[in-house]
Amino acid sequence: MRFIFKTDYGQDINLAKHGGHVFWYSVLLLMLLAAPWLFAEYYLAQLTFILIYAVAGLGLMLAVGFTGLFSLGHAAFLGVGAYTQAVLTNAGLPFPIALACAAGLSAAVGLIVGLPALRVKGIYLGMATLSFGFIVEEVFARWESVTGGNAGIHIKAPDLFGWKLGSGEAFYFLCLVIAIGATLAILNLLRSPTGRAFVAIRDSEISAQSMGIHLARYKTLSFALSAALAGIAGALYAHKLQFISPDQFNLLQSIDLLLMIVVGGLGSVHGAFLGAIFLISMPQAIALVKDYLPAAIGQAPGLQGVVYGMVLIAFVLLEPLGLYGRWLKIRTYLQTFPFYRKGMFKRQKTYQKSDRLK
Amino acid sequence: MSFAQGELMMLGAFGGLASMAMLGFPFWLAVLSSIAGMALFGVLLERLVIRPILGQPAFSIVMLTIGVGYMARGLITMIPGIGTETHTLPVPYKDMIWKIGGDVNAQGTLILNVEQMAVIGSTAVLCLMLFALFKYSKLGIAMQASSQNQLAAYYMGIPVKRLNGLVWGLAAAVAAIAGLLLAPITYVHANMGFIGLKAFPAAVAGGFGSLPGAIVGGLIIGTVESLSGFYLPDGFKDIAPYVVVLIMLMVKPNGLFGEKLRKKV
């Protein structure tokens, strides 16, 4: 068991709490840097997808996990980012400027959708974002002069001021840099007063308001930041796939994103990454196991849906804190070895009330 | 709050189909049995998955129902030979026409499609029944109470757990009726559950928990949808309901007939 002896106020908000953090995260970083030489091209592409989804997950985590704003339309922000990037890149803009525009436009759209968020809460915000998702999907399909309609749109390789990032390795490093940047930004945000205000709003709106937090401003800010991150992820997604069409940004994608952060663990930055790993590796795992199952089950087309549904139900029922929560429990068990008690992570019960009656 | 409603609808339609095609039930028996079966399924579902997470935030229930929806869709698709195809539900009133006002070819004849009349008629009857249930019966009022504040309802001696089971049974039965009504129009297939999502905006527009609100909301949505399909360019028809919902949430966040109430600390 490790005891941290605090000698400085700064230690409370340090990103790395102790030497162990520094060591293990450095190892992880080195592994990620060496990945192009360690893995085959196919697995590198999967790793790139994990990073992209993790960025989107961080965005969604900020809104759902840290501010308590329920969003069923994040695929729409992903789509706004992807289409902005595609259109601007094809118009010849360099990658960073196009990325900034994609993030900015997503954030602006997020602000607009966030407006009802100021007045409604809980499930009604989910409805608003759901409606918004349908609208955006339809706009992508109908605005053919810009988006290419249902036929989709091709996108050129990213262009970093004359330096073409055509290869898989170069793009992997680009994604890695952006993912690390986004993670650090989120971590930094969460230890700042703004981030604390978000968490306070999640835990209780009334007490947050009593503490002088401007609910409307912080909720909108959170939603806009979340949308901006989703937009960045969308831009990367567009570059990775090199082809986007409206049906990649439908309701199922939004639900996949939600599933990702719930499985990863709501309210933890690790959760976004663990969830992304889950979401990307699950289809592969199913494909691997398929051959060993009886043909009636293994070859059935609905298998993936059933597995996703089962995993989601199992996590909500048995491990509401997700994969990261499971890890926390194992770690606590090991750290306090003979003294782990069953009730250590017991949650307080909250009984359901109608959201209409504030 | 359930996101599996559309899937329950789909299961109901498939249930009707199965009991008619495989067990050879006559139409009415098949309808009744699939409604009853779905009600039972709803109660079971509540007992197995929803009840263990009683006392946790609404978000968990939403995710749980999404998971149930995924599973239901996947399982139906997995049934070999049935799941991936589109079916028609044979109904006795298919392609029948009521003529009011004499000759078919004469001017001023009102021709009504029985299929659509059946939908309208049964919806109206269902709405009235539900309205009566929630307005006048002890059970309905208890359901309303527990939806507004579970803990308070519990303190007043309402058996919230048992009630929740009944609510889920009722919801599943209603979904099955909706599925059976929809089946002749849209055909039966594994993804018909997505149509159920269209119902959400209507419910929001009227305000959850207010039955007249939901009906008026549904009427508004339907009217806006068909009018915008007629007057506005192509494509607006599909998004108009959602635009209405967004505006509604911004302007009247408490719903059409929602009451303005504030929690006092």
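Which residues have the most contacts inside the largest nonpolar core? They are Val55(A), Leu229(A), Ile232(A) and Leu312(A), and the core itself has 157 residues. The model described here is predicted.

**The nonpolar core**

- Helix H2 of chain A, which covers residues 41-66, supplies the largest share of this core, namely 15 residues.
- Leu229(A), one of the core residues with the most contacts, is in contact with Val55(A), Ala56(A), Leu58(A), Gly59(A), Leu62(A) and Ala182(A), leaving aside neighbours within four places in sequence.

**Helix packing in chain A**

- Two packed helices are described by the angle between their axes and the distance between the axes.
- For H2(A) and H11(A), the angle is about 75° and the axes are 9 Å apart. Angles of 65 to 115 degrees count as roughly perpendicular, and H2(A) and H11(A) are therefore roughly perpendicular to each other.
- On the H2(A) side of this contact are Tyr53(A), Ala56(A), Gly57(A), Leu60(A), Met61(A), Val64(A) and Gly65(A), which meet Leu257(A), Met260(A), Ile261(A) and Gly264(A) in H11(A). By class, the contact of H2(A) with H11(A) consists of 8 nonpolar and 3 polar residues, with no charged residues.
- Helix H11 (residues 251-264) of chain A also packs with helix H3 (residues 74-90) of chain A, at an angle of about 110° and with the axes 7 Å apart. H3(A) and H11(A) are therefore roughly perpendicular to each other as well.
- Here His74(A), Ala75(A) and Leu78(A) from H3(A) meet Gln253(A), Ser254(A) and Leu257(A) from H11(A). The residues of this contact divide into 3 nonpolar and 3 polar, with no charged residues.

**A buried residue: Ala76(A)**

- Ala76(A) lies in helix H3 of chain A. A residue is buried if 20 or more other C-beta atoms lie within 10 Å of its own; Ala76(A) has 32 such neighbours inside 10 Å, and therefore counts as buried.
- Apart from neighbours within four places in sequence, Ala76(A) is in contact with Phe132(A), Gly133(A), Val136(A), Glu137(A) and Phe249(A).
- The C-alpha atoms of Ala76(A) and Thr129(A) are separated by 8.9 Å, although these residues are 53 residues apart along the chain.

**An exposed residue: Gln242(A)**

- Gln242(A) is found in the loop between helix H10 (215-241) and strand E4 (243-244) of chain A. Because it has 11 C-beta neighbours inside 10 Å, Gln242(A) counts as exposed.
- Most residues other than glycine have a negative phi. Gln242(A) has a positive phi of about 65°, although it is not a glycine.

**Chain B**

- Chain B has 11 helices and 2 strands, which follow the pattern α-α-α-β-β-α-α-α-α-α-α-α-α when read along the sequence.
- Of the 265 residues in chain B, 41% are buried.
- Among contacts in chain B with a separation of 6 or more, 62% join residues 24 or more positions apart.
- Helix H1 (residues 5-21) of chain B reaches 24 Å from its first C-alpha to its last, close to the 24 Å expected at 1.5 Å a residue. In H1(B), 15 of the 17 residues are buried, so this helix is largely enclosed by the rest of the structure.
- Helix H3 (residues 58-78) of chain B has 21 residues, which should span 30 Å at 1.5 Å a residue; its end C-alpha atoms are 30 Å apart, in agreement with this. H3(B) is mostly covered, with 19 of its 21 residues buried.

How values were computed
Residues numbered from 1 in each chain as written. Chains lettered and ligands numbered in written order. Predicted model: local features only at pLDDT ≥ 70, side-chain atom pairs only at ≥ 80, totals over all residues. Axes fitted to C-alpha atoms, helices over the stretch in contact; angles between N-to-C directions. Helix = DSSP H or I, 4+ residues; strand = E, 2+ residues; numbered from the N terminus. Parallel < 35°, antiparallel > 145°, perpendicular 65-115°, else oblique. Contact = placed C-beta atoms within 7 Å. Nonpolar A, V, L, I, M, F, W, Y, C, P; charged D, E, K, R; others polar. Buried ≥ 20, exposed ≤ 12 C-beta atoms within 10 Å, placed from the backbone. Core = buried A, V, L, I, M, F, W, Y, C linked by C-beta atoms within 7 Å. Expected span 1.5 Å × (residues − 1).
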